[in-house]
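User: I would like to go through this model with you and ask, at each step, what a given description rests on.

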Amino acid sequence: MGTDHPFAEEIRRAGYSVTTTDHPAHTSPGRRVLRQVVSAFRPDVIHIHTERRYLQTVFSVRKVDRRVPVVRTIHNVFDAHGRWFASRLLQALIGDRALSALIVPSPDVARNEKRFGRDPQVIFNWVEDRFFELAGSRSGAGPDTTGPVVLVGNCSRIKSHGVALEAALLGNLRVAHIGSEEHAEPAERAILDRLQRNGLLVARGVADPADALLAGRVFAMPSRHEGMPVALAEALVVGMPAVVADVPGLRWATGEPGVVALASREPAVWLDALRGVAVSVSAPTIDFRARRGTAEYAAVYRAAVERR
């Protein structure tokens, strides 16, 4: 939703038609837009990817065309408690009856949704094919023991980059920080500034992560929770070891080669882990290729259409 969608033009350049709106689907103007889109394109499946106003969105979609099957994805671990838990439970009991399939991107999200009586199907996120090509370049060049700690993702309270940044500052480790700082905590931005003044910040800001992943020594993700971060999958595909927080949304990765999960958020503990990871790791056991993920979604869509 929103006429200024960050990926709209890129999706159009790839050959798709994109309609954007400022009106939520549960409102009268939103339903009019939805009706126009459905009438114009006659979709075989309607795929919704919303957390806010989920129940209203499902009702709006069904009101527009009850014949079209609806598939929903839940993208994150929503640690709901109190009134929020009751609201999600009620929406699941009512809204999920209208779904043909419910998809989540990791076993962690699936476990969380079982609290709400759901039994979703897991389809892991995937990465661009070019990251598999980067894996060959990285292994061919040999591991760089002096490479930077790499963080990929926009700053936020949930991402909690400050833990890894403080660890790097404590140990005089170089850092590549790829992502927006618009929502960075003041302390986080101050550490980035200190790293830069000390000559330890080798990359900063929004950019393609490829160069950092090629040159990096270790990937770090100290998030408070996730769903199934593509940035971590990219690092694993390229062949980087990773230090991650032991939290829902990252625990699926703990069995992957070179991944260390930390329950502690102490910078000194993170520093020891960042220094101690293996320099070279083997390929991940999970298939992160796009052809696998898209084939699994296509199978879900076909099954939904056949059941209709």
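**Burial, faces and pairing**

Analyst: Ala-242 counts as buried, because its relative accessibility is 0% and the cut-off for burial is under 20%. The model is a predicted one, and Ala-242 is found in its strand 9.

User: What makes up the surroundings of Ala-242, leaving out residues up to four places away in sequence?

Analyst: With those left out, Ala-242 touches Val-218, Phe-219, Leu-232, Leu-236, Gly-258, Val-259 and Val-260. The C-alpha atoms of Ala-242 and Glu-256 are separated by 9.5 Å, and the two residues are 14 apart along the chain.

User: Which residues have the most contacts inside the largest nonpolar core?

Analyst: They are Phe-219, Leu-232 and Trp-252, in a core of 56 residues. Helix 10 (residues 230-238) gives the largest share of this core, seven residues. A second, separate core has 18 residues, among them Val-38, Tyr-54, Val-58 and Leu-102. As for Leu-232, its contacts beyond four places in sequence are Phe-219, Met-221, Ala-242, Val-244, Leu-250, Trp-252 and Ala-253.

User: Why is Arg-88 called buried?

Analyst: The relative accessibility of Arg-88 is 4%, and burial requires a value under 20%, so Arg-88 counts as buried. Arg-88 lies in helix 4, and, once residues up to four places away in sequence are set aside, it touches Glu-51, Ile-74, Phe-78, Ala-80, Asn-112, Glu-113, Phe-116 and Arg-118.

User: And why does Gln-91 count as buried?

Analyst: Gln-91 has a relative accessibility of 15%, which again falls under the 20% limit, and therefore Gln-91 is counted as buried. Its place is in helix 4 (residues 82-95), and its contacts, not counting residues up to four places away in sequence, are Arg-53, Tyr-54, Leu-55 and Asp-96.

User: Why is Gly-153 described as buried?

Analyst: Its relative accessible area is 14%, and since anything under 20% is classed as buried, Gly-153 belongs in that class. Gly-153 is placed in the loop between strand 5 and helix 7, and, leaving aside neighbours within four places in sequence, it is in contact with His-161, His-177, Ile-178 and Gly-179. Its C-alpha atom is separated by 17 Å from that of Ala-168, which is 15 residues apart from it along the chain.

User: Which residues of helix 8 are buried, and why are they placed on the same side of the helix?

Analyst: The buried residues of helix 8 are Glu-188, Ile-191, Leu-192 and Leu-195. Because they cover an arc of only 100° around the axis, they lie on the same side of helix 8. Pro-186, Ala-187 and Arg-197, on the other side of the helix, are exposed. The packing partners of the buried residues are helix 7 (162-171), strand 6 (175-178) and strand 7 (201-205).

User: How does the span of helix 8 compare with what is expected at 1.5 Å a residue?

Analyst: Helix 8 (residues 186-197) has 12 residues, and the distance from its first C-alpha to its last is 16 Å, close to the expected 16 Å. Gly-199, which follows helix 8, has a positive phi, near 75°.

User: What is buried in helix 11, and why is this said to line one face?

Analyst: In helix 11 (residues 267-276) the buried residues are Pro-267, Trp-270, Leu-271, Ala-273 and Leu-274. Seen down the axis, they fall within an arc of 165°, so they line one face of helix 11, whereas Asp-272 and Gly-276 are exposed on the other side. The buried residues pack against strand 5 (149-152), helix 7, strand 8 (218-221), strand 9 (242-245) and strand 10 (259-262).

Methods:
Residues numbered from 1 in each chain as written. Predicted model: local features only at pLDDT ≥ 70, side-chain atom pairs only at ≥ 80, totals over all residues. Heavy atoms only, no water. Helix = DSSP H or I, 4+ residues; strand = E, 2+ residues; numbered from the N terminus. Expected span 1.5 Å × (residues − 1). Buried < 20%, exposed > 50% of the residue type's maximum accessible area, 1.4 Å probe, protein only. Arc of directions from axis to C-beta. Contact = heavy atoms within 4.5 Å. Core = buried A, V, L, I, M, F, W, Y, C linked by side-chain atoms within 4.5 Å.
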